[in-house]
Amino acid sequence: MNNADFIITSTYQEIAGSKNTVGQYESHTAFTMPGLYRVVHGIDVFDPKFNIVSPGADMSIYFPYTEKEKRLTSLHGSIENLLFDPEQNDEHLGWLDDRSKPIIFSMARLDRVKNITGLVEMFGKCARLREMANLVVVAGYNDVKRSSDREEIQEIEKMHELIKTYNLFGQFRWISAQTNRARNGELYRYIADTQGVFVQPAFYEAFGLTVVEAMTCGLPTFATLHGGPAEIIEHGISGFHIDPYHPDQAASVLVDFFEKCKKDPGYWTVISDGGLRRIYERYTWKIYSERLLTLAGVYSFWKYVSKLERRETRRYLEMFYILKFRDLAKSVPLAVDDVQ
């Protein structure tokens, strides 16, 4: 990073964190690599070469549910099968008895950090939320035999245990990971047609591309306040922040939203429109490309007029690697998985 002319990140918190958390790059200011060396002044996160350029969603795939002429209605049959087909197989488990309820939807990898099982447990514990909505998650595999990842296997086993513990039959649908991006985009919009919501419950999310995708499709979005989504969403205006470490409070935020929607059907549209405004203001590829090209021009000019070659830094790093680091690295034993 010290050798770079300029650095692009998606969010401010990646650089310098917040008043309560350390940023990803800020953690490189001082750190230790056991057996190798200790860094006490690694990087200056307030160096002007750090810049924020946030990506967007592909708007040919992710677009508002209201754009009826662009909707992929030919996929609705397969989407309805994903959501409501009573057959229990490797692609979907669980069923929804009351199709009139709005859907709480989430889509992510099935691992501890993404916290999909935490969302399921929160839903299972909140009787009021279960009365008001169904839960649908798209995550990983639903059969341990199909996974070779130990962490995912543990999460699969935990998910099955939660379904039985909280008797989620008839209120919960678990769909295996989907790779068809076009259908995933229409799935977001189909959920929006049910006046549903999207929830991103991760313990930490560096940026939150699924948050941007859901908001671009017009889904009111509830996302973790730890990481990038805290910057993407304006709480109560373009979506809602939730704290996965306090699931009871997160459930209350969802319940309050559905109760407001019940009293005022227009409230759902207010939050949906607020999310779309936020996307068009900050999170499109057009804005990304324009800002990136501007920064490239600025830094090219700066490098030219200041004759900023960073030659001294580059030579120091090469010397450090060749004379010191390479030999130290050879002396560090390789990590070996514990034999089960």
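How many of the 340 residues of the protein count as buried? The share is 46%, where buried means under 20% relative accessible area with a 1.4 Å probe and protein chains only. This is a predicted model, in which local features need pLDDT of at least 70, side-chain atom pairs count only at pLDDT 80 or more, and totals for chains, interfaces and linings use all residues. Residues are numbered from 1 along each chain as its sequence is written, and side-chain values use heavy atoms, with hydrogens and water left out.

Start with the whole chain. The C-alpha trace spans about 70 × 50 × 35 Å along its principal axes. The protein has 12 helices and 11 strands. These are DSSP runs, numbered from the N terminus: helices are H or I with at least four residues, strands are E with at least two. Now take contacts, meaning heavy atoms within 4.5 Å. Among those between residues at least 6 apart in sequence, 71% join residues at least 24 apart.

Next comes an annotated stretch. The unreviewed UniProt entry carries the annotation "domain: Glycosyl transferase family" for residues 99-257. Such annotations may be inferred rather than shown by experiment. The span is 43% helix and 16% strand, and its end C-alpha atoms lie 19 Å apart.

Look at strand β7, residues 134-138. This strand is mostly covered, with 5 of its 5 residues buried. Asn134, Val136 and Val138 are on one side, Leu135 and Val137 on the other, and both faces are covered. β7 also has strand partners. Two strands pair if DSSP finds at least two bridges between them. Strand β6 (residues 103-107) runs parallel to β7, and 5 bridges join them. Here Ile103 has Asn134 of β7 as its bridge partner. Strand β8 (residues 171-175) also pairs with β7 in the parallel sense, over 4 bridges. In that pairing, Phe172 of β8 stands opposite Leu135.

Move on to a helix pair. Helix α9 covers residues 247-263 and helix α10 covers residues 266-282. They pack at an angle of about 125°, with axes 6 Å apart. Axes are lines fitted to C-alpha atoms, for helices over the stretch in contact, and angles run from 0 to 180 degrees between N-to-C directions. Angles under 35 degrees count as roughly parallel, over 145 as roughly antiparallel, 65 to 115 as roughly perpendicular and the rest as oblique. α9 and α10 are therefore oblique to each other.

Which residues meet there? Phe257, Lys260 and Cys261 in α9 meet Tyr267, Trp268 and Ile271 in α10. The residues of this contact divide into 5 nonpolar, no polar and 1 charged. Nonpolar here takes in Ala, Val, Leu, Ile, Met, Phe, Trp, Tyr, Cys and Pro; charged takes in Asp, Glu, Lys and Arg; the others, Gly among them, count as polar.

How values were computed
Buried means under 20% relative accessible area, exposed over 50%, partly exposed in between (1.4 Å probe, protein chains only).
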